[in-house]
Structure formats: structure tokens, C-alpha cells
Amino acid sequence: MPSLILEGGTLRPIFSAGVMDALLDHEVMFPYCIGVSAGISNGFSYISKQNRRNLDILEKYRHDKRYIGVHNFLRSRSLFGLDFIFREIPNTLLPFNTETFNTYPGQLIVGVTNAHSGTPEYMNGLDIDEHWTMLRATCALPLFFPAIEINGTKYYDGGLSDPIPIRKAITDGNNKHLIVLTQPKGYVKPLSKENAMVGKLLKRKYPNLEEILLTRHDKYNETVAFCEQLEKDGQAIIFRPKQSLNSFEKDIHVLRNTYQHGYDMAINHMNDIHKLFL
């Protein structure tokens, strides 16, 4: 069974949105989809078969202060307007097609990070609630988001503990993979001063997160190398942009071009994608 793996990266997964829209245009539905953060959030529109929805959201609301703006900290302790993104947009402004979503016959897995243990957990995306709590959790990057509570447990961004959940896909029985990354080939994640600072800030409340944040770059780089070996062995196809995109890119033209880049890449390799199903 083939899997679709989606990396996060705030606005960088607009590249992945282009890839998934190309899949929709060619009626290619993966029976297993897993990802973290904005990657899997975009993946929900793929499962609901809503072509261009992810691009439409950024084109219409990237510069809307209700979407991203410091005033949102007053309401939701987040740079992002959580209720605007996870209530007004899907319910009113660009309605999410729940009916089609609920007919998806495959597996949809959302990766999150347990704030207390620092370990990754994987939730059934088809069990999403009306508040989109699971997606709020997988996007909850410390400092930009508060920890999100689910069933009495606090969670942060799934990308902290398992940035590219390929090994979970393999454990679940998938033997071929389309892996959509959001950084260009050759990118090596460094240990950032921000991660070290956040680790210290959260250490008292969530002591196990500090080590996760301090080693996050090693986990990421090792996982990319593992994915590249799978590709060499003929078990995976990796799509990634040729150029890096700013995680908080403001230029709509750049965002649109990045989307188109992902779309064109998938179209040009559609025959290879079909072979994953053989």
C-alpha cells in the first residue's frame, strides 16, 4: 500500500498543496495519508477533494490580521487567529466539504507531540471534532501557539518530535511512499538559538521538551537521509521545492508560484506516482 507523507513548515506547505491538487486533478487518492503541522492541515483539503482551497485561503487571508497578527495573542495566545482559522474559515468563509471528507475510505494520520513526555503520538484524523482541535495541536509551535489540550493531555506541533513521519507509515504496513518535503535538496537544519531559548522557557512546565528542541535538527536531518535512501532503493519518490520559502512569506505572488511549482512537479512525474500503486 502506498502512503503520502507531508512535512510541515507554516506557509511552506503551499508547495505540498500544489502537489495534492495535481493528484486530485488526476484522480489519484492515496489510501494512507500522514503528516504534521501545516502539511497535514493542507492534507485535509486533499481528503475532502477541494482543489485550490489551500491556495484560496492564503490568497484571501494571508494579510488579514485575523489570520496572522500580533493582536491574536490577546484572544488566543497565538500569532495565528485560531478561531478564525479553525472556525470562521471552514464553517463560513471557505466551507470545508465534510460530506466528501467523511466518505474517504483510507487512513488519515495526524502527528502531534505530547508536551509532557516529549514523544510523538499519532491521531486518527477522521475523528476530527468540530473545533479542529487535532489540527490546532499539530500546528502548535511553542511561542507562536499555546499548548493544545486533548482529553486532558497537552500537545504541541507534531514536527517537534517526528518532522517527517515516514517510519510510522512503514510501521503501519506501507511499502511505497510519496514524500513531500518543504525544504530544497541539500538543506541541513541547524540547531537554532530559538529552539534553545524555547527549551529553557518551557523546561519547568514541560521538562522533556527541552531535549526534543535541542536535538530537533538532528532528528530532522537523519530522517531526510533515511527518506533519500528509500528513494535510492526504489521505495519512495521525494518531491521538494527547488528553492526555500520563508515560513512566513508575505508575497502572494511568491506563494502562488510555489504552489504552481508543486503542481507542475507532480504533473511531470504522474507516471512515477501511478507506479507506486502497482
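A pocket is here an open set of grid points with protein on both sides within 12 Å along at least five of seven lines, and its lining residues have an atom within 4 Å of a point. The model under discussion is predicted. In the second largest pocket there is about 190 Å³ of space. Its lining is made up of Arg66, His71, Asn72, Arg75, Ser76, Gly81, Leu82, Asp83, Phe84, Arg87 and Glu88. Two elements, helix H4 (72-76) and H5, each give two or more residues to this lining. H5 supplies the largest share, with 5 residues. In terms of residue class, the lining of the second largest pocket comprises 2 nonpolar, 4 polar and 5 charged residues.

Helix H5 also takes part in a packing contact. The axis of H5 (residues 82-93) and that of helix H3 (residues 53-61) come within 13 Å, crossing at roughly 110°. Angles of 65 to 115 degrees count as roughly perpendicular, and H3 and H5 are therefore roughly perpendicular to each other. The crossing in which H3 passes H5 is right-handed. On the side of H3, the contact involves Arg53, Ile57 and Tyr61, while H5 contributes Phe84, Ile89, Pro90 and Leu93. This contact of H3 with H5 has 6 nonpolar residues and 1 charged residue, with no polar ones.

Helix H1 (residues 14-25) and helix H2 (residues 37-47) have axes that come within 9 Å and cross at roughly 20°. Because angles under 35 degrees count as roughly parallel, this crossing makes H1 roughly parallel to H2. The crossing of H1 and H2 is right-handed. From H1, the residues Ile14, Ala17, Met20, Leu23 and Leu24 meet Gly39, Asn42, Gly43, Ser45 and Tyr46 of H2. The contact of H1 with H2 divides into 6 nonpolar and 4 polar residues, and no charged residue is present.

Helices H9 and H10 give another arrangement. The axes of H9 (residues 193-202) and H10 (residues 207-214) come within 8 Å and cross at roughly 175°. Angles over 145 degrees count as roughly antiparallel, so H9 is roughly antiparallel to H10. Their contact draws on Asn195, Ala196, Val198, Gly199, Lys200 and Leu202 of H9, together with Pro207, Leu209, Glu210, Leu213 and Leu214 of H10. By class, the contact of H9 with H10 holds 7 nonpolar, 2 polar and 2 charged residues.

How many cavities of 30 Å³ or more does a search of the whole structure find? The search finds 1 such cavity. The volume of the largest cavity is about 40 Å³. Leu181, Gln183, Pro184, Lys185, Gly186, Tyr187, Tyr220, Val224 and Arg240 form its lining. That lining consists of 5 nonpolar, 2 polar and 2 charged residues.

How values were computed: Residues are numbered from 1 along each chain as its sequence is written. This is a predicted model: local features need pLDDT of at least 70, side-chain atom pairs count only at pLDDT 80 or more; totals for chains, interfaces and linings use all residues. Side-chain values use heavy atoms; hydrogens and water are left out. Axes are lines fitted to C-alpha atoms, for helices over the stretch in contact, and angles run from 0 to 180 degrees between N-to-C directions. Helices (H or I, at least four residues) and strands (E, at least two) are DSSP runs, numbered from the N terminus. A crossing is left-handed if the near helix is turned anticlockwise from the far one by less than a right angle, and right-handed if clockwise. Contact means heavy atoms within 4.5 Å. Ala, Val, Leu, Ile, Met, Phe, Trp, Tyr, Cys and Pro count as nonpolar, Asp, Glu, Lys and Arg as charged, and the others, Gly among them, as polar. On a 1 Å grid over the protein atoms alone, a cavity is a set of points where a 1.4 Å probe fits but cannot get out, and a pocket is an open set with protein on both sides within 12 Å along at least five of seven lines; lining residues have an atom within 4 Å of a point. Grid points are joined across faces, edges and corners, and a volume is the space filled by probe spheres set on the points.
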